[in-house]
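Subject: Structure for your review

Dear colleague,

Please find below the sequence and structure that I am handing over to you. I would be grateful if you could read the notes that follow alongside them.

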Amino acid sequence: MSYAAAIDQLSAMTPELFTQPGHTRRKFSLDEIGILLAALGNPHHRFPSVLIAGTNGKGSTAATLASILTASGMRAGLYTSPHLTRPNERIRINSIEITDDAFAALYFRIHDCGQQLVLDHEFAERGVPGDRSSSLGCTLAQLPSFFETLTAMAFLHFAEASIDIAVLEVGMGGRLDATNIVDPLLSIVTDISLDHTEWLGPTIAAIAREKAGILRPNGTLITLPQHPEANQILGEIATELGVRAISAAPYMPQMPPPISSRSEGYGLQPVLSNLVENHGALAAEAHPYPVEALGTAIEVASPLHGAHQHRNIALAIAAAVELATHHGLPINATSIEEGVRTTHWPARLEVIQLHSSKELVPPQVVLDVAHNPAGAWALRAALRPLLDLDAPNAKPATLIFGCLRDKPIAEMAQILFPIFDRVIFAPIHSPRATPMADLLAAAAATGTLATAAASVAEALELASISDSFSSQAAGQLRSFEGSSLEGTGFSPYITPAKTRGALAPEGPASTNAIHAAGTVVVAGSVYLVGEARALLLARAGVPA
């Protein structure tokens with residue numbers, strides 16, 4: 001079967017976190033993934049692993065650690081979620097995505113195995129021996145979920161490629177996540193905040209307890225001091241299990257890097273500059289800082305921007321040191337430094353500059369998958385120097401935004417929307433998307449100029465309009481009525497505006513100052529950011 005057929009079947013699966021009206025919510029358990037993997041020969045037993053849980057930063061930590069392992073000469077598998085553009089991104093070895101052919105082959109192996117296990121279950125319920133076992137405990141009552149399928153695919157791919165070690169990012173929570181079927185060498189817990197409260201609990205303590213489910217008796221935990229409630233729960237469970245806890249604090253910068261201009265320090269530099277001419281080869285580093293690892297001073301010069309990334313990088317370095325000193329992996333100070341420097345993890349404060357006279361595109365776009373309040377605060381802090389938010393004549397800035405409906409949109413709007421001159425909402429292709437009316441209402445509550453686009457492509461085009469947004473953009477939006485917006489459920493409505501909320505004097509906005517020379521930020525759901533990134537790179541002729 002083809003790759004296209006595999007993607008079509010995966011796409012047809014109902015997302016685990018979406019419950020259709022009238023249907024029972026899916027119950028999470030490790031039993032199903034355990035039965036599936038046993039039928040596949042337990043591929044997860046054929047390689048050591050590091051398991052990473054947390055609310056924010058676990059992907060950045062995983063990518064950095066995998067890059068260090070690769071720089072150390074090992075075959076390092078990396079499994080992350082969700083993906084920006086293609087599901088192949090989730091499964092990598094030494095930064096190389098699984099091929100389309102391998103992806104399709106693994107998908108149909110697991111799909112066929114799952115179907116057989118469901119058939120065996122039906123036979124067992126009727127007392128008829130199936131192909132595998134007459135025991136219900138060795139069968140599946142339902143087909144593997146989207147995430148279970150991809151997790152099993154990753155484990156098979158890693159096992160059959162004979163990797164040296166895998167870095168696994170937990171999908172959600174930890175205790176009942178499919179990745180938690182492994183017995184990890186190390187458990188890493190990144191920063192914990194409120195997210196997925198419907199599934200994980202309404203408090204930091206409840207969520208921390210779910211994250212702590214990745215700890216093992218007499219195992220090793222690597223973390224950093226964080227929210228007091230999270231600290232307490234992690235500490236209590238670690239003590240109960242006899243876990244050795246390691247703080248990554250020694251690998252944090254001792255003092256904040258200097259900020260001499262808005263493009264240095266915590267500011268952003270172009271990750272992709274002059275794409276048409278340079279084919280996206282230019283990557284800039286954030287301000288470097290020294291730490292000591294394995295008894296040697298190294299320079300931490302990560303391409304991941306933002307002060308919040310210091311914590312994720314520190315966790316990755318601490319894990320690398322632990323793997324070298326207690327598990328004999330061939331990691332040294334030089335490979336740690338190189339691995340940090342060569343980390344690739346797009347759409348995390350990624351700056352794209354495009355120079356093209358043929359396409360209507362913003363000249364500078366910042367991409368960030370800030371999809372919850374903690375991520376929104378981190379994005380806001382990083383954008384402050386880039387947008388000159390404290391300057392009396394701050395550069396015009398536009399936010400293209402969309403999020404899933406389980407996110408606290410009112411809170412995120414209060415954090416992000418007032419620092420922009422306008423917000424353009426773009427649709428997300430997910431049954432869990434926040435209704436456009438709710439997004440517009442959230443913007444209206446902050447007094448931010450906002451409108452809805454019919455697609456991500458149209459949002460980017462609207463962000464590039466050189467004339468007054470209140471006149472030309474409104475006219476363009478009105479022209480959508482009865483055409484591209486018809487039947488989509490999106491209303492081309494523009495909310496009243498104030499001038500950047502608390503960051504500028506109160507009063508009516510001067511929309512004549514909004515021009516394409518300003519910065520455009522695309523943030524929120526990974527689905528939105530991934531689509532925008534693919535469009536921008538495609539227009540420049542650069543592969544995503």
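Predicted model: local features only at pLDDT ≥ 70, side-chain atom pairs only at ≥ 80, totals over all residues.

The protein contains 17 helices and 16 strands. Of its 544 residues, 56% are buried. The exposed surface comes to about 21,700 Å², and carbon and sulfur atoms supply 54% of that area. When contacts between residues at least 6 apart in sequence are considered, 74% of them join residues at least 24 apart.

Eight strands form an open sheet with mixed pairing, in the order β4-β3-β2-β5-β1-β6-β7-β8. Its edges are β4 (96-97) and β8 (244-247); each has a single partner strand, so one side of each is left without a neighbour in the sheet. For β4, strand β3 (residues 91-93) is joined to it by two bridges, and the two strands run antiparallel. Within this pair, R92 has E97 of β4 as its bridge partner.

Two helices may be of interest when you inspect the sheet. Helix α5 (residues 146-160) lies across β2 (76-79), β3 and β5 (165-169), and runs at about 15° to β3. Helix α10 (residues 309-327) lies across β1 (49-53), β5, β6 (186-189), β7 (220-223) and β8, with an angle of about 165° to β6. Strand β8, one of the edge strands, is thus among those that α10 lies across.

Yours sincerely

Terms used: Residues numbered from 1 in each chain as written. Heavy atoms only, no water. Helix = DSSP H or I, 4+ residues; strand = E, 2+ residues; numbered from the N terminus. Buried < 20%, exposed > 50% of the residue type's maximum accessible area, 1.4 Å probe, protein only. Contact = heavy atoms within 4.5 Å. Areas by Shrake-Rupley, 256 points an atom, 1.4 Å probe, with all protein chains shown as cover. Pairing = 2+ DSSP bridges. Axes fitted to C-alpha atoms, helices over the stretch in contact; angles between N-to-C directions.
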